[in-house]
Amino acid sequence: MQSRPLGARALGLVAAAAVLASACATNSSGGTDGSPGTCTQQESPVITLAAYSNVYDVYGKLISNFQTEWKDSHDGQQVIFQTSFAGSTTQAQNVVNGFPADIVALSLAPDVQMIQDAGLITHDWTQATDGGIMATSVVVFDVRPGNPKHIENWDDLTQPGLEILTPDPAQSGGARWNIVAAYGASMRGHVPGYAANDPAAAEKLLEGIFKNVTVMDKSANDSIKDFQSGNGDVAITYEYAVLAAQKAGLPDEAVIPSSTVSIQTPVAVVDEYAQEHCVEDIANAFVKYLHTKEAEDLFTSVGYERSVNLKQAKAGGGGTYPAVKDLFTTDDLGGWDQLQSDTVFGPDGAFTKAQQTVTG
Amino acid sequence: MSAEVRTPRLSGSTRRLLVHGGFTAIAILYVGVLVVAPLIGIAWAALRGGLSTWTSTLAQPDVVHAYLITGIITAITFFVTTVLGVVVALVITRDRFPGRSLLSAFVDLPLAVSPVIVGVMAVLLFGRGGWFEPWFSARGIQILFALPSMVLVTIFICIPFVIREVVPVLQELGVSEEEAASTLGASSWQTFFRVTLKNIRWGLLYGIALTTARAIGEIGAILIVSGSITGKTETATLYILRAFDQNQDPSGYVVALTLALVSIVLLVGIEAFKRREERELRT
Amino acid sequence: MSTQTLDRPSVPRPQRGPGPRPWVTARAAMARWGLRGTALLYLGLLIVLPTVVVVARGFGKGLTAFRDALTTPGAREAIILTVGLAAVTAVINVVFGTELAYVLVRYRFPGRRLLSTIVDIPFAIPTLVTGVMLRALYGPISPVGAFLDRHGIQVIFAQAGILLALLFVTLPLVVRTVQPVLLELDETEEEAARVLGASRWLTFRRVVFPKLRPGIVAGGLLAFARALGEFGAVVIVSGNIIGKTLTAPVLITQLINGGKPEDAAAVATLLFGLSFVLVLVTERLLSTGRKEAS
């Protein structure tokens with residue numbers, strides 16, 4: 001082996017430096033100077049938003065409006081938004097794992113709770129306006145034109161041979177809303193053939209439905225996209241996703257069952273990262289903006305969401321939003337904590353047992 | 001032992017032609033249905049939208065960013081795996097120490113690992129509760145959901161390519177030329193650049209082309225570690241996923257086709273390098 | 001490794017005095033260790049360490065937890081499905097891949113070079129793009145997909161789609177593993193058999209095939225190992241239904257996304273342990289095969 005200068009070791013160091021350099025490059029744009037507790041103001045502050053999968057349209061619009069307004073009222077300061085859209089639970093897990101989101105817009109409160117439990121959210125976000133909820137929708141059935149399989153209510157989903165699309169509850173918040181809607185409708189006695197207040201009946205309903213589930217995508221958006229690609233007979237999804245599809249000219253049809261859950265989607269500032277990136281005030285301003293009338297109108301017109309007010313959501317209105325016979329919230333079922341850890345998703349929960357039976 | 005002499009029904013050469021033709025046809029048909037048809041499919045899907053789809057897609061800042069991020073990751077990966085790959089190849093073929101064959105086995109390990117598992121490795125090291133997480137987060141350095149983790153996983157996956165191409169060449173060539181050079185008074189650096197590097201160049205280029213193609217196309221590990229932050233950690237492959245997610249299928253097909261074309265160009269380069277390498281080894 | 005004795009050149013050697021000075025040998029030793037150290041550090045940090053962390057975290061909660069992670073209905077079904085599909089992939093591509101290798105090596109026809117290049121395309125194409133291509137071709141929106149749909153054949157979101165994706169990405173592995181073995185075969189034995197009156201098929205079966213076998217098996221094992229871990233192509237075409245279309249790599253992403261890193265690590269350890277063993281066996285097969293052929 002010929003003698004070789006120690007330049008070889010230098011090469012290794014250069015390589016390591018390259019990797020660290022990319023680390024510094026990405027950090028400098030984030031406004032940190034490396035040590036917690038201090039932060040440097042940026043000329044063009046960057047806000048990182050982690051949102052759930054299918055609200056890219058409305059947040060796209062909300063963000064651009066906010067950016068314009070901020071520019072006008074803050075001496076031309078340009079706020080940059082970097083967005084990420086994925087299954088709600090996936091996003092929450094990522095934030096807990098270090099994803100530096102300044103704001104999270106998730107599809108259900110437990111996912112925000114997860115981030116709070118990890119110590120990243122230090123304020124009580126549920127005390128904000130409307131309990132931190134931005135907008136609501138309802139769980140509906142997305143069916144083929146003319147509803148050839150005659151799906152009107154939850155029990156119709158159990159008909160043999162039907163192919164149902166619903167996302168994976170471990171990754172998607174929408175998936176859990178779907179399950180809670182079925183559970184709640186059964187428990188409240190609005191599903192023919194399933195007794196009210198009977199957990200066993202609810203379990204049986206979930207079993208019947210999940211026997212027919214053919215695709216469990218990783219996000220609500222993936223699920224409806226698959227349905228639109230021609231797979232399955234029905235997709236259980238958010239009402240707004242179906243309305244957005246109709247707006248885009250697709251032939252999706254929404255069927256609202258007699259009883260369904262009001263999907264309440266929360267937004268919260270992630271204190272730890274917002275402080276670290278020196279964007280806490282802008283982040284709070286954005287969240288506040290989401291509660292303004294202008295934002296509300298955008299949620300309705302672009303996002304096809306219903307009002308945060310339950311009575312108004314139930315009544316619907318404006319021709320686009322049919323009234324819902326029985327619209328309930330998770331509070332009516334004992335709250336998310338109970339649903340998560342006990343009655344539906346707990347070890348003896350209706351869904352857990354139903355899934356065990358179906359997968360054998 | 002007497003073997004039966006068969007009297008063929010057709011003349012021997014005709015029969016052989018038919019058999020050859022048949023086998024060739026099967027081969028062509030299989031490759032046609034399995035490989036060529038999908039290529040045609042994506043070309044059709046991407047070109048359906050016409051020129052306007054192409055221009056509007058490639059002009060989007062998100063798309064430009066995505067290509068840029070893919071480019072940065074590929075460039076760093078290519079640099080690290082090439083330089084250090086040559087070092088490892090030299091050590092494997094020229095150095096003698098206990099455990100050398102173990103080292104060689106480890107080089108092959110990334111080939112057996114699903115890219116998803118590489119993503120899991122990164123999360124287990126740098127995510128919350130990870131072995132290195134406290135050290136990095138105390139210093140405010142972002143590894144996961146930022147470029148560093150994306151670079152690291154891509155490097156892991158690409159490590160074997162350069163090494164596996166250079167090692168056989170080094171083994172075939174032996175040390176005689178280098179020894180001659182140093183006997184003639186050349187310094188180590190001179191020997192390396194003028195002799196060694198020149199000898200391994202086609203194998204090296206082959207390995208580099210493979211590395212580049214693989215780095216451009218990485219999705220499994222990147223999906224787990226990047227967070228898909230548009231404009232920051234979204235690679236070209238991640239953009240394609242998002243385009244299909246967000247009802248922008250035509251754009252997705254366009255970017256997918258560009259990646260396919262780049263890969264095919266690299267492939268043609270790979271084939272050319274491979275032929276040159278074989279030719280040189282034979283002489 | 002070839003060793004060649006060096007003929008002393010007629011050029012006079014530069015003077016070095018009474019042997020290498022201590023600092024020269026020390027410097028050479030340091031440089032050797034520098035190179036060796038760099039290599040060890042590179043591989044140690046980038047390969048050994050991540051491997052250890054996966055196995056450690058997989059078993060982190062104990063052997064029972066490891067076994068439990070693998071035996072939940074979802075995991076068990078996913079592993080069985082993945083192994084099954086990978087096996088079918090390997091078998092199909094061993095048959096067609098060997099046939100392809102034979103055609104490429106033994107026959108001459110116009111377009112042979114092109115065919116050879118096309119066979120390598122799956123090596124270069126991003127796996128995600130592979131999935132996108134299959135979806136473009138067999139999705140219900142394409143004419144081919146619509147046709148198949150009308151006849152009740154479902155490709156996308158069914159096992160057929162996953163199989164096509166796996167066949168695509170593993171084809172070159174088999175062909176390029178068998179090809180060199182074929183190339184190195186000495187044709188004189190075959191000619192002798194033919195002269196003695198053996199049919200082509202008999203010649204193939206008794207003379208060629210036994211020599212080819214290590215290469216074929218190696219190619220099959222490599223294809224199998226590769227198919228076990230395929231993600232990018234599968235994730236686009238699969239429906240993620242437990243027991244029917246959920247493969248182990250997709251399951252692992254679900255577990256990681258769903259906040260179960262130890263479970264993910266457990267399945268990952270099993271998967272990559274299997275693949276790694278297969279790759280090692282393949283290397284052994286190929287090197288012995290090479291020795292036999294020469």
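Colleague: In which strand of chain A is the place of Ser137(A)?
Modeller: Before looking, remember that this is a predicted model, where local features need pLDDT of at least 70, side-chain atom pairs count only at pLDDT 80 or more, and totals for chains, interfaces and linings use all residues. Residues are numbered from 1 along each chain as its sequence is written, while chains are lettered from A and ligands numbered from 1 in the order in which they are written. Helices (H or I, at least four residues) and strands (E, at least two) are DSSP runs, numbered from the N terminus. With that numbering, Ser137(A) is in strand S4.

Colleague: Does Ser137(A) count as buried or exposed?
Modeller: A residue is buried if 20 or more other C-beta atoms, placed from the backbone, lie within 10 Å of its own, exposed if 12 or fewer, and partly exposed in between. Ser137(A) has 28 C-beta neighbours inside 10 Å, so it counts as buried.

Colleague: Which residues is Ser137(A) in contact with, leaving aside neighbours within four places in sequence?
Modeller: Two residues are in contact if their C-beta atoms, placed from the backbone, lie within 7 Å. With sequence neighbours within four places left aside, the contacts of Ser137(A) are Tyr238(A), Glu239(A), Tyr240(A), Ile263(A), Glu305(A) and Arg306(A).

Colleague: Which elements do the buried residues of H11(A) pack against?
Modeller: Helix H11 covers residues 293–301 of chain A, and its buried residues are Ala295(A), Leu298(A) and Phe299(A). Looking down the axis, the directions from the helix axis to the C-beta atoms of these residues fall within an arc of 100°, so the buried residues line one face of the helix. Lys293(A) and Asp297(A) are exposed on the other side. The buried residues pack against helix H2 (56–73), strand S4 (133–143) and helix H10 (280–289) of chain A.

Colleague: How far apart do the C-alpha centres of domain 1 and domain 2 of chain A lie?
Modeller: The bounds come from an automatic or database domain assignment, which gives domain 1 (46–134 + 266–301) and domain 2 (136–264 + 318–359). The contact takes 17 residues from domain 1 of chain A and 18 residues from domain 2 of chain A. The distance between their C-alpha centres is 27 Å.

Colleague: How many residues has the largest nonpolar core?
Modeller: A nonpolar core is a set of buried Ala, Val, Leu, Ile, Met, Phe, Trp, Tyr and Cys residues joined through C-beta atoms within 7 Å. Val104(A), Val270(A) and Val120(B) have the most contacts inside the largest one. Its largest share, 18 residues, comes from helix H7 (residues 147–173) of chain B.

Colleague: What distance separates the C-alpha atoms of Leu170(B) and Ile200(B)?
Modeller: Leu170(B) lies in helix H7 of chain B and is buried, because 20 other C-beta atoms are within 10 Å. Not counting residues up to four places away in sequence, Leu170(B) touches Ala89(B), Leu90(B), Thr93(B) and Ile200(B). Leu170(B) and Ile200(B) are 30 residues apart along the chain, and their C-alpha atoms are separated by 6.9 Å.

Colleague: How many helices has chain C?
Modeller: Of the 294 residues of chain C, 48% count as buried. Chain C has zero strands, and its number of helices is 12.

Colleague: Which helix gives the largest share of the side of chain C that touches chain B?
Modeller: In this interface, 74 residues of chain C are in contact with 79 residues of chain B. The elements giving two or more residues to the side of chain C include helix H1 (22–58), helix H3 (73–106) and helix H4 (112–124). The largest share, 15 residues, comes from H1(C).

Colleague: Is the crossing of H1(B) and H4(C) left-handed or right-handed?
Modeller: Axes are lines fitted to C-alpha atoms, for helices over the stretch in contact, with angles from 0 to 180 degrees between N-to-C directions. Helix H1 (residues 12–47) of chain B and H4(C) pack at about 40°, with axes 10 Å apart. A crossing is left-handed if the near helix is turned anticlockwise from the far one by less than a right angle, and right-handed if clockwise. The crossing of H1(B) and H4(C) is left-handed.
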